[in-house]
Amino acid sequence: MNSESPVCRRAPSRRQLLGMGLALGVTTPLLFSASKVSASVAKDHSALIEDLISRMTIEEKAGQLNLINDPFRFQPQQVNPTDGDGDPTRIAQMIREGKIGSLFNGVGAESGREIQRIAVEESRLKIPLLFAADIIHGLMTVFPVPLAEAAAFDADLAQRTARAAGLEGAASGIHQTYAPMVDVARDQRWGRVVEGAGEDVHLNNILAEARVRGFQGAHGLAHPDALLATPKHFAAYSAALGGMEYNTTDMSEQTLRGVYFPPFEAALKAGALSVMSAFNDLNGVPASGNEWLLTGVLRDEWGFEGFVVSDYTSERELVAHGFAEDDRDAARIALMAGVDVSMMSGIYLAHIPDLVAKGEVPMARVDQAVRRVLRTKAALGLFDDPYRGCDPVREAQVVGSAEHYALSREAGRKSIVLLKNDGGLLPLPKSGKKIALIGPFADDVDNVFGPWTIWGDPKHRVSLEAGFRAAMANPQDLSVTRGSGVESALDGGIDAAVKAAQAADVVVLALGEDTRMSGEAQARTQIDLPEPQRALAEAVAATGKPVVILLRNGRALELSGAVKDAGAIVVTWFLGSEMGNGVADVVFGDHSPTGRLPISFPHRSGQQPYSYDHKVTGRPADVNKAVEEYTARYRETTNTALYPFGHGLTYGEIAYGPVALSGESLAWDGVIEVSVEVTNSGAHAADETVQLYIHDRVASLTQPGRLLKDFRKVALKPGETKRVAFTLRREQLEFIGRDMRPTVEPGLFDLWLAPSAQTGSHGTFRLVK
């Protein structure tokens, strides 16, 4: 993209904004109906907010834009690079002086009350603090990592777990969470795949909306159970070149608008009033200094009225990017680009007063940022009740409740994906067979929560061993042997594992990644299992005993050798507090597996980046041919996935009939009904996820081979057949055209009703104008 691209252009100047009726300090109407309740609350406080702004010193204004780590409240682990450096006495004095507007990653109702008391009783203007935290997939009760939960293909489940996490956070003195992550992730080398909803835009949109609604609740942000959601990271952070954390991103505007923007739009339409900017540069302009992105798109196009917060020191990192001369210059660029709140770096507090004094930053822009922060505090009800969420009695009732742990178990089992089940090896019987549970995760509790868990209760971590023993009629039939570490061999480990396998009727191998192998700063060049685990699998497989693989992972993995060839393969992810019980529910057949892959498992690591909706190219490869030169493929493998997006087996035997359409054409302003009969001929009840994919045969811009447009879940008893129907409209066929607007053209379309992105029953229809 050249330097004249809209991605690289500066946002409109102040004079241009004035000409468009968008003068700095003048707000535009909210475009998102879901924000109306919170906007009304904020509007009721407009006079108070304007009065505060008129009385604030420039230092106090900069203080409202200053967000730092909470040094007062207990953190079980340090989660950021400089955590622990804050001096509580110094920070308390800064609060008194109005030099801090928000604190993050401190939890606790009683201590939160005392911190807030300093702000509202001892500071000059008595403006309440905003407390934020990284509540990604639970507080004390830990739910499956977001990628795992995406495998459930269940918006209601995602909303319920986010609601439970929101309840626990709000009861613990927290007002805002830095979630959900809505970055569409198509390179499994990138460690933060685990935090999002995978590679598909449609699934990301649905879950972004569900999670925002869950965190924030149904009664407006002022309700004491609400938690302000913060979709992140804006934008295209997940498309870092080579899958390397914090790396540069380079792409067309069509791809930005067609793939990476939609989940943010969905989250904002659901009512989110804060957004986090990203670390990466985008086509040469760092996201945290990108006026086109943070003002042109987010404000002028989408009408967003909340505030933008930088990711951890990302505004200061404009210097390292080579985009700013020094911290002072970085503060100027980030603020003028549209970053309202500076996280942890302190550069706004340090430099905004001088920048305004010397005329390099208009006071109107500072007031605008402060106004956005204060409006959000008002929407959260903090001016009416600054101590909301600071009730220890309520905290004890809500946090870690039995209901939340039951939901964690439900979410865990619904997130599990059965990749392979040759000969009906699963489910395992609860009695009558000796089971050898082998692998580094067999009895492990340290890696059940997964990445981005700060406050999970360490006393409530259910291991696979504990879950299995609780499920089995005779727990003595279970032997447990580690066999190897995660990334290192154990002395005598393989010998002990082979001995255990030989004495058993079936082997369950618990392999995969530990918590520190996925997540932020955990990019991998090879997305396979560590060599010691592969060696363990080969040795155990050589015994000839049936082998079930349980994969613990935060990304798609390359599977090979004995792992790939095992009789059954189950993706168990990181499932949270109730992991062992959730896995046992599925392995022993109390519940049939229902999960579907939200990411594609490649044949080889070198296929990355990979997503099912890649384009066919001018020389498409025939996937039915072993070798076909001069086509779009690698020498070593086809341009397919080993296990594609949407794939997941049940304990039933599912078959799809032919596609039925209500007509041969779809009228421009009409609908077409498409349906398929789905039959369960197996002996077990099953829940099938029927997926609707389309392909635009001919268009003014080349199109993906398939795109998911809808899905339905259907429960099937043994021997039962049901017809599953969808309604398709023209709007679902649109793509981003050359003018950067959604468009679609008349012509022929393929469609599939399918169990995954690589199979299914095929039909065609024509869009007519």
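1. Two rings of Phe, Tyr or Trp (for Trp, its six-membered ring) form a pair if their centres lie within 6.5 Å; planes under 30 degrees apart count as stacked, over 60 as edge-to-face and the rest as tilted. By ring pairs, Phe 153, Tyr 612, Phe 645, Tyr 693 and Phe 711 are linked into a cluster. Over the whole structure, 16 aromatic pairs are found.

2. On the basis of the values: this is a predicted model, in which local features need pLDDT of at least 70 and side-chain atom pairs count only at pLDDT 80 or more, while totals for chains, interfaces and linings use all residues. Residues are numbered from 1 along each chain as its sequence is written, and side-chain values use heavy atoms, with hydrogens and water left out.

3. Phe 261 and Trp 302 form an edge-to-face pair, because their planes stand at 90°, with the ring centres 5.5 Å apart. Phe 261 is in the loop between helix H10 (253-260) and helix H11 (262-269), and Trp 302 is in the loop between helix H12 (291-301) and strand S8 (307-309), so the pair ties together parts that are 41 residues apart in sequence. Helices here are DSSP runs of H or I with at least four residues and strands are runs of E with at least two, numbered from the N terminus. Phe 261 is buried at a relative accessible area of 1%, and Trp 302 is buried at 7%. Buried means under 20% relative accessible area, exposed over 50%, and partly exposed in between (1.4 Å probe, protein chains only).

4. Phe 749 and Phe 765 are stacked, because their planes are at 10°, with the ring centres 5.4 Å apart. Phe 749 belongs to strand S26 (residues 747-754) and Phe 765 to strand S27 (residues 761-768), so this pair ties together parts that are 16 residues apart in sequence. Relative accessibility is 0% for Phe 749, which counts as buried, and 1% for Phe 765, which is also buried.

5. Two charged side chains sit over rings, meaning that NZ of Lys or CZ of Arg is within 6 Å of the ring centre and within 35 degrees of the ring normal. Arg 73 lies over the face of Phe 131, 4.5 Å from the ring centre. Lys 769 has its charged end over the ring of Trp 668, at 4.8 Å from the centre.

6. Helix H23 (residues 579-587) is largely enclosed by the rest of the structure, because nine of its nine residues are buried. Among what covers these residues are helix H18 (402-415), helix H19 (464-471) and strand S14 (547-552). Just after H23, Gly 589 has a positive phi of about 85°.

7. H19 packs on H23 at an angle of about 50°, the axes being 7 Å apart. This makes H19 oblique to H23; angles under 35 degrees count as roughly parallel, over 145 as roughly antiparallel, 65 to 115 as roughly perpendicular and the rest as oblique. Axes are lines fitted to C-alpha atoms, for helices over the stretch in contact, and angles run from 0 to 180 degrees between N-to-C directions. On the H19 side the contact (heavy atoms within 4.5 Å) is made by Leu 464, Gly 467, Phe 468 and Ala 471, and on the H23 side by Gly 580, Asn 581, Val 583, Ala 584 and Val 587.

8. Pro 286 lies in strand S7 (residues 285-286) and is buried, with a relative accessible area of 2%. Apart from neighbours within four places in sequence, Pro 286 is in contact with Asn 280, Asp 281, Leu 318, His 321 and Phe 323.
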